[in-house]
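Please look over the sequence and the model shown below before reading on. The report that follows starts with a single residue pair and then widens to the chain as a whole.

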Amino acid sequence: MNLFSFGSRDIGIDLGTANILVTIRGKGIVLKEPAVVALDRRSEQIVATGIEAKEMLRKNT
């Protein structure tokens, strides 16, 4: 998704503790994702973010 294709430069980003929200003036919320990142412990690489990482958390606890 290209956020800048909406034709607006008025973007609000909320980096909350539970969720990340991105809003664009005139469009409302265009992104609402959990503030979760999954890392590979061996390589220390990011393997998933947002909803996908939250689903991985559920499977590993």
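Which residue of strand 3 does I20 stand opposite? The residue that I20 faces in strand 3 is E33.

This is a predicted model, in which local features need pLDDT of at least 70 and side-chain atom pairs count only at pLDDT 80 or more, while totals for chains, interfaces and linings use all residues. Residues are numbered from 1 along each chain as its sequence is written, and side-chain values use heavy atoms, with hydrogens and water left out.

**Overall layout**

The protein has one helix and five strands, and from the N terminus on these elements follow the order β-β-β-β-β-α. Helices (H or I, at least four residues) and strands (E, at least two) are DSSP runs, numbered from the N terminus. The protein has 61 residues, of which 15% count as buried; buried means under 20% relative accessible area, exposed means over 50%, and partly exposed lies in between, with a 1.4 Å probe and protein chains only. The accessible surface comes to about 5,200 Å², and 51% of that surface belongs to carbon and sulfur atoms; such areas come from the Shrake-Rupley method with a 1.4 Å probe, and for residues only the protein chains shown count as cover. Among contacts between residues at least 6 apart in sequence, 4% join residues at least 24 apart, where contact means heavy atoms within 4.5 Å.

Three strands form an open sheet in the order 1-2-3, with antiparallel pairing. Strand 1 and strand 3 stand at the edges with a single partner strand each, so one side of each has no neighbour in the sheet. From one strand to the next, the twist averages 10°, with axes being lines fitted to C-alpha atoms (for helices over the stretch in contact) and angles running from 0 to 180 degrees between N-to-C directions. Strand 2 and strand 3 run antiparallel and are joined by six bridges; two strands pair if DSSP finds at least two bridges between them.

**The salt bridge**

The structure holds one salt bridge, defined as a side-chain nitrogen of Lys or Arg within 4 Å of a carboxyl oxygen of Asp or Glu. R25 forms this salt bridge with D10, and the closest N and O atoms are 2.9 Å apart. The pair links distant parts of the chain, 15 residues apart, with R25 in the loop between strand 2 (19-24) and strand 3 (28-34) and D10 in the segment before strand 1 (11-15).

**Single residues and the surface**

The table gives the relative accessible area of several residues.

| Residue | Relative accessible area | Class |
|---|---|---|
| R25 | 64% | exposed |
| D10 | 38% | partly exposed |
| E55 | 36% | partly exposed |
| L15 | 67% | exposed |
| D40 | 32% | partly exposed |

L15 lies in strand 1, and together with I11 and I13 L15 makes a nonpolar surface patch of about 310 Å². Patches are made of residues with over 30% relative accessible area and no salt bridge, like charges being joined within 9 Å and nonpolar side chains (Val, Leu, Ile, Met, Phe, Trp, Tyr) within 5 Å.

D40 is placed in the loop between strand 4 (37-39) and strand 5 (46-49), and, not counting residues up to four places away in sequence, D40 touches Q45 and V47. E55 belongs to helix 1 (residues 50-60); the C-alpha atoms of E55 and V36, which are 19 residues apart along the chain, are separated by 9.8 Å.
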